[in-house]
Each structure stands twice: as C-alpha cells, then as structure tokens.
2 protein chains.
Amino acid sequence: MAKAAPIRTDSHEIAKRVRDGDVRAAARLMRNLDDGEPAAIETLRALFPHTGNAYVVGITGSPGAGKSSITDRLIGWYRKQGKTVGVIAVDPTSPFSGGAILGDRIRMQDHALDPGVFIRSLATRGSLGGLSRATSDITRVMDAMGKDVILVETVGVGQDEIDVASLAHTTVVVVVPGMGDDIQAIKAGILEVADVFTINKSDREGADRTERELRSMIELRHVTMPMDHDKQHRFSPTGPAMARSDDYSWEPPIVRTVATRNTGFEELAGAIDRHRAHLEAHGGRLAREATRARAEFLAILRERLVKSALERLGREQGALDELATRIARKETDPYALAEDVAARLR
Amino acid sequence: MAKAAPIRTDSHEIAKRVRDGDVRAAARLMRNLDDGEPAAIETLRALFPHTGNAYVVGITGSPGAGKSSITDRLIGWYRKQGKTVGVIAVDPTSPFSGGAILGDRIRMQDHALDPGVFIRSLATRGSLGGLSRATSDITRVMDAMGKDVILVETVGVGQDEIDVASLAHTTVVVVVPGMGDDIQAIKAGILEVADVFTINKSDREGADRTERELRSMIELRHVTMPMDHDKQHRFSPTGPAMARSDDYSWEPPIVRTVATRNTGFEELAGAIDRHRAHLEAHGGRLAREATRARAEFLAILRERLVKSALERLGREQGALDELATRIARKETDPYALAEDVAARLR
C-alpha cells in the first residue's frame with residue numbers, strides 16, 4: 001500500500017508540546033483542527049500513536065435532566081482521586097459551553113481555574129458528521145495531553161448526538177423521575193448506547209416508577225436489538241458503524257443521584273468502573289475503539305474523496321452551485337450527476 | 001460529461017404507477033429505497049422530473065411542545081381546503097410514528113383512513129446523513145404522487161434533525177410558554193432554520209413573555225447570523241450546505257395556537273402561505289431547492305465514491321474491520337489510511 005506523506009519536524013514539535021501538557025499549544029491545535037488546517041491534521045497524526053490511554057465517558061440525556069451538574073460532580077470526584085479530567089460540552093444548554101444562567105457559570109469557575117481540568121465546548125451546528133468528527137479529534141488531543149478521564153456531555157436527542165455519545169467507552173444516560181413521554185424518546189435511540197443509567201433528582205416523587213420502567217426497557221432490549229441493527233444496516237451501505245455488538249452480556253445498572261446535594265456519585269463512579277472492568281475483561285474496549293476507528297476512517301475517506309473529486313473536475317464553489325441549480329430546475333437528477341462524476345474519475 | 005445509465009422500462013412503469021397515486025407501489029418503493037436497491041433508485045430517477053410541485057412544511061421543536069397535535073390540525077386544515085397531504089414523522093415521540101399513548105393514536109386514525117393523506121414514519125437511528133437522505137427520498141416520492149403539501153415532523157434538537165428541517169420550504173418552530181432553559185437550546189441551531197414560530201399551548205401562563213423573548217431573539221438574529229455561517233464553514237469543506245442566505249429580509253412571524261382546542265390554525269396556515277409567497281416573489285423557492293439539491297448531490301456522491309473505493313480495493317466487510325482494528329491498536333492512523341486509499345485510486 002502507498003505510504004501517506006511523512007510528518008514534518010515542526011508538527012512533531014507541536015505534538016511534543018501538547019503531550020507535555022502545554023494548554024496553549026493544545027487549544028491552538030484544536031482551533032486549527034476546526035479550521036481544517038493540513039498542518040493541524042499532521043500534528044494530530046503525530047499524536048495518534050500516543051492516544052488510547054484516556055477513558056472516555058459520555059454523559060447524555062434530555063434537556064433539563066441535569067447532565068451538566070452530573071458532569072460537574074464527576075469532575076470533582078475524579079479530581080479527588082488524583083485523576084486529570086478533560087471535558088467536552090456538546091450540549092448547547094451546558095454551562096460549560098457558555099449557554100447557562102449566571103449561577104451555574106459561577107459554580108463551574110472552580111474547575112475552570114484547576115490546571116488538572118481542561119474544558120472545551122463545541123457548537124451543535126455545522127455539516128453532517130462534523131460534530132462527531134470534531135468531538136473525536138478533540139478527544140484525541142486531550143488523550144495525548146495525558147488526561148486520565150474525558151467527559152463528553154451531549155444532548156441525548158438527535159442522531160448526531162447519539163453518534164457523539166457512541167465515541168465513549170462508557171455512556172451514562174441521565175433520566176429524571178416522571179419523564180412520561182420522554183421515556184418514549186429514549187427508547188428510540190438512546191437505549192442502544194446506554195451502559196449506565198442514572199436517575200438524577202432522585203429525591204423527587206416517581207423515582208421508583210422511573211426505575212421500574214427503565215428495568216422493563218432494559219429487559220426488552222435483548223429482544224429488540226436485532227431489529228434495530230437491521231434498521232441501521234438499511235440506512236448505511238457501510239454497516240452499523242456505531243452498533244455495540246460487543247456487550248450484549250452487560251446489563252446496564254441503574255443508580256440514583258441528587259447532583260444538587262452531591263449524593264450518589266460514589267455509586268455512579270463505581271458503576272462506570274465496573275463497566276470499564278467488564279469491557280476490559282471481555283475485549284470490549286478494543287472492540288469499541290475499533291468501531292469508532294471504523295466510523296472515523298470512513299468519514300475521513302469520504303471527505304477526502306469528495307474533495308479530490310471536486311478538485312479534479314475543476315468544480316469550484318460557483319460550479320457546484322450551478323449544478324445544484326440544474327438539479328433544482330429538474331434538468332438532471334442528483335443520482336445521475338453523482339454517477340457521471342464517479343465515472344469520470346475511473 | 002459521461003451519461004448515467006438509461007432508466008429501464010420497468011422502472012418507468014413503477015414510476016408511472018406512483019405518479020397515478022398507487023399507494024401500494026409508493027409504499028413498496030419507499031421500502032426498497034430504504035434497502036438501497038438499485039432498481040428503486042432508478043425509479044426515483046424516473047420520478048425526479050415530476051417532482052417540485054409539493055410544498056414542504058417542516059414542523060420542529062422540543063419534545064412535549066405539541067408538534068404532533070399541530071401536524072394533526074394542519075392536516076385537517078389543508079384537507080378542508082381540498083388539498084392532499086403527505087406526512088413524514090421523524091420524531092420518535094410522534095403518534096404518527098407509532099410511539100404515542102393510546103389516546104393520540106386513536107385521534108390519528110381519522111387521517112389514517114383518509115385516502116387524501118399518506119403517512120410515513122422514519123426511525124431516528126442509522127448512520128450519519130442517513131436520516132436526511134431517507135427523508136429527502138420519501139419527500140420526492142410523495143411529491144411525485146401528487147401530494148399538494150408535505151408535512152415533515154422532527155424533534156428540534158440535534159444536527160441531523162435540524163438538517164431534516166432544512167429540507168422544508170417553510171419551517172415552523174413550535175415553542176411553549178415558560179420553556180426557560182430550552183430557549184437557550186433553540187438559540188443554538190433552530191433559530192437559523194425558523195421561518196414561522198408558533199407558541200402552542202398559548203392559553204398557558206407566560207405566553208406574552210415567551211413572545212417577547214422570541215422577538216428579541218429574532219432581532220438579534222440579524223446581528224449573529226454572519227458568525228454562524230462562518231462556523232458552518234469551519235466544519236464543512238464543502239461550505240454551508242444548509243445555510244439560508246436567501247431570505248435575510250424575512251422576519252419570522254409569531255403566531256399563537258392551542259392545538260387541543262383547534263384555535264390559531266387559520267393564522268398559522270396564513271403565516272405559512274405568506275412565507276411561501278415571499279419565497280416565490282424573491283426567487284427564494286428555487287434557491288432553497290438548489291441548497292437542498294447541493295447537499296443531496298454531495299451526500300450521494302460521497303456514498304458512491306466510498307462504495308467504489310472500497311470495492312476496488314477489495315475491502316470486504318471483514319477487511320474493513322481489520323483496518324479498524326489496526327487503527328484501534330495504533331498501528332496506523334485513520335488520516336494516513338484514508339490518504340493511502342485515495343492515492344491508490346489516482
């Protein structure tokens with residue numbers, strides 16, 4: 001197989017600084033990756049062999065479930081254990097991403113001043129796949145920086161967010177008592193990625209009922225998963241990239257937390273640790289990383305091929321707009337056009 | 001430019017049946033498109049010149065805002081005007097997609113028995129981009145069937161859902177009084193795609209305040225949009241596919257509805273009609289269809305190129321898994337691998 005271009009010395013130097021924990025170099029690299037700079041991608045390649053040590057925990061759930069407070073308490077918990085923490089907030093309502101009310105933001109200041117914590121937020125806009133690509137890249141940089149644990153906070157509705165959650169080794173789904181309709185929404189996508197459930201605000205009425213409902217959903221999961229996998233196949237010619245075939249034997253535990261009173265976090269961290277041990281004992285960690293690598297590779301390949309296809313055909317931004325207008329006018333159809341372009345490249 | 005393969009006679013025949021309104025042929029075609037059958041794509045190509053007549057209305061908003069009830073009332077309204085309606089439910093909590101409590105489902109039966117209404121639901125799982133591709137294809141089939149209006153109901157959180165909403169000519173964003181935090185979430189993505197706001201459950205306390213908040217957000221939109229566009233560019237090498245540069249001059253109106261009492265729907269339908277007239281008067285309808293065509297073409301091209309790249313390199317499902325495992329083991333990195341594969345194709 002042909003070799004990719006060798007990595008230049010200056011990229012190796014920046015990579016070295018990031019690995020030494022240089023916060024400024026890391027922040028600049030993340031910005032440049034966002035901008036798609038080729039030199040930044042080269043640096044990421046240089047970092048790649050030094051990743052794989054961080055444990056990635058996804059925190060997901062409906063708006064208002066208390067994901068940010070859970071993340072905040074988990075940061076505190078891991079810091080007390082002497083572990084360094086990276087935080088990626090993909091949730092637009094998260095105080096970490098700047099979209100919070102004043103009180104929350106003041107609370108977060110504790111961690112913002114702690115050199116053992118590195119926080120980065122991401123906007124939920126951009127093109128298809130951009131969000132999980134960007135999150136994946138940032139995770140790798142924090143990993144190379146030597147962070148022990150990386151917490152990724154996402155809103156648990158929407159496919160792109162579910163895919164982001166799927167980057168994690170362990171995904172915690174946060175629910176609150178008395179969600180009613182929202183349980184339905186969870187059924188339709190989040191359940192597949194849940195490794196641990198936490199009922200937050202569990203001092204509220206209805207926590208027992210919520211736990212019962214979750215338990216019956218978990219039992220049903222064994223029955224319905226094969227069908228779900230089938231559906232994923234149907235949408236994707238490349239197979240169920242995010243499917244979790246590695247851990248049918250894992251029964252997601254349900255823990256109870258009250259983030260405002262900092263109770264239940266020993267139990268939650270314990271459940272995350274047990275899931276980690278389970279993955280490692282059964283080869284599931286490598287399997288998850290392979291699943292993630294597969295999706296990452298295909299996304300990069302896709303971008304790469306389209307970019308060079310458009311370049312080689314001399315299709316500048318304006319030419320593409322003209323093609324789009326021809327499709328909109330029904331002078332041609334997008335399938336025929338894609339076929340033409342692919343044929344020209346042979 | 002090379003010509004795409006000609007469309008075979010039997011595909012034309014199925015297309016003819018769909019255009020004549022054959023519900024069974026249309027449903028079968030949609031299933032086969034889901035399965036990615038080449039013959040189904042051929043039929044879609046045959047239908048393509050006969051699309052572009054339906055007016056597509058997106059209904060989006062947070063879970064619990066009452067999107068399904070709004071959709072239900074709009075169906076009723078358009079049917080009274082003698083118009084035929086297609087409905088695509090991408091919202092997992094929608095009664096149309098079967099994820100509802102009994103009462104809702106019974107209510108929906110009215111429309112299920114009406115031959116002037118065609119309802120189709122889609123799961124919010126699948127690979128990146130699969131959801132908007134599938135929705136786009138189904139919209140085209142309903143369009144070719146001769147439906148006058150197509151209502152697309154989506155959950156308004158998550159990038160993929162926002163992209164689905166962007167397929168519409170007019171996007172209605174549903175909010176409810178006293179949302180608090182959720183207004184934050186709306187700011188971060190939904191606002192850009194909103195053409196009409198409706199405050200549902202507007203008989204509840206706080207409707208005036210919600211309207212004031214929406215008004216100030218709409219005013220701010222003019223100021224913040226350029227930055228948002230810039231962010232989209234940063235994630236996407238192919239530009240802001242879903243950006244709405246065509247209608248800065250349109251000020252989204254805010255209407256009030258109470259779906260349970262069927263009030264406000266003349267006003268809502270009126271606002272949709274005014275937006276349609278505005279688009280058509282300023283060339284915005286073609287511009288939106290071109291934006292959509294551009295995204296559609298690039299998505300199809302991307303799939304097409306990756307598929308043939310993997311085929312030509314003899315990478316079967318198993319070989320791809322092996323590559324992924326090599327990446328996960330840090331023996332190579334996904335960027336270098338994508339570069340290798342792209343270089344081999346030159």
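Biologist: At what angle do helix α1 (residues 9-19) of chain A and helix α3 (residues 38-47) of chain A pack?

Modeller: In this predicted model, the angle is about 60 degrees, and the axes are 8 Å apart. Axes are lines fitted to C-alpha atoms, for helices over the stretch in contact, and angles run from 0 to 180 degrees between N-to-C directions. Helices (H or I, at least four residues) and strands (E, at least two) are DSSP runs, numbered from the N terminus.

Biologist: Why are α1(A) and α3(A) called oblique to each other?

Modeller: Angles under 35 degrees count as roughly parallel, over 145 as roughly antiparallel, 65 to 115 as roughly perpendicular and the rest as oblique. The angle is about 60 degrees, and α1(A) and α3(A) are therefore oblique. Their crossing is right-handed, a term used if the near helix is turned clockwise from the far one by less than a right angle, with anticlockwise giving left-handed.

Biologist: Which residues make the contact of α1(A) with α3(A)?

Modeller: From α1(A) they are A:Ser11, A:His12, A:Ile14, A:Ala15 and A:Val18, and from α3(A) A:Ala39, A:Glu42, A:Thr43, A:Ala46 and A:Leu47. Two residues are in contact if their C-beta atoms, placed from the backbone, lie within 7 Å.

Biologist: What makes α3(A) mostly covered?

Modeller: Seven of its ten residues are buried, among them A:Glu42, A:Thr43 and A:Leu47. Buried needs 20 or more other C-beta atoms within 10 Å of a residue's own, exposed 12 or fewer, and partly exposed lies in between, with C-beta atoms placed from the backbone. Across the 346 residues of chain A, 53% count as buried.

Biologist: Why does B:Gly206 count as partly exposed?

Modeller: B:Gly206 has 16 C-beta neighbours inside 10 Å, so it counts as partly exposed. B:Gly206 is found in the loop between β6 (196-199) and α9 (207-235) of chain B. Leaving aside neighbours within four places in sequence, B:Gly206 is in contact with B:Pro177 and B:Gly178.

Biologist: How do you know that the span of helix α4 (residues 67-80) of chain B agrees with its number of residues?

Modeller: The expected span is 1.5 Å times one less than the number of residues. For the 14 residues of α4(B) that should be 20 Å, and the end C-alpha atoms are 20 Å apart, which agrees.

Biologist: What makes α4(B) largely enclosed by the rest of the structure?

Modeller: Ten of its 14 residues are buried, so α4(B) is largely enclosed. The buried ones include B:Lys67, B:Asp72 and B:Tyr78.

Biologist: How are residues and chains labelled, and which pLDDT limits apply?

Modeller: Residues are numbered from 1 along each chain as its sequence is written, while chains are lettered from A and ligands numbered from 1 in the order in which they are written. Local features need pLDDT of at least 70 and side-chain atom pairs count only at pLDDT 80 or more, whereas totals for chains, interfaces and linings use all residues.
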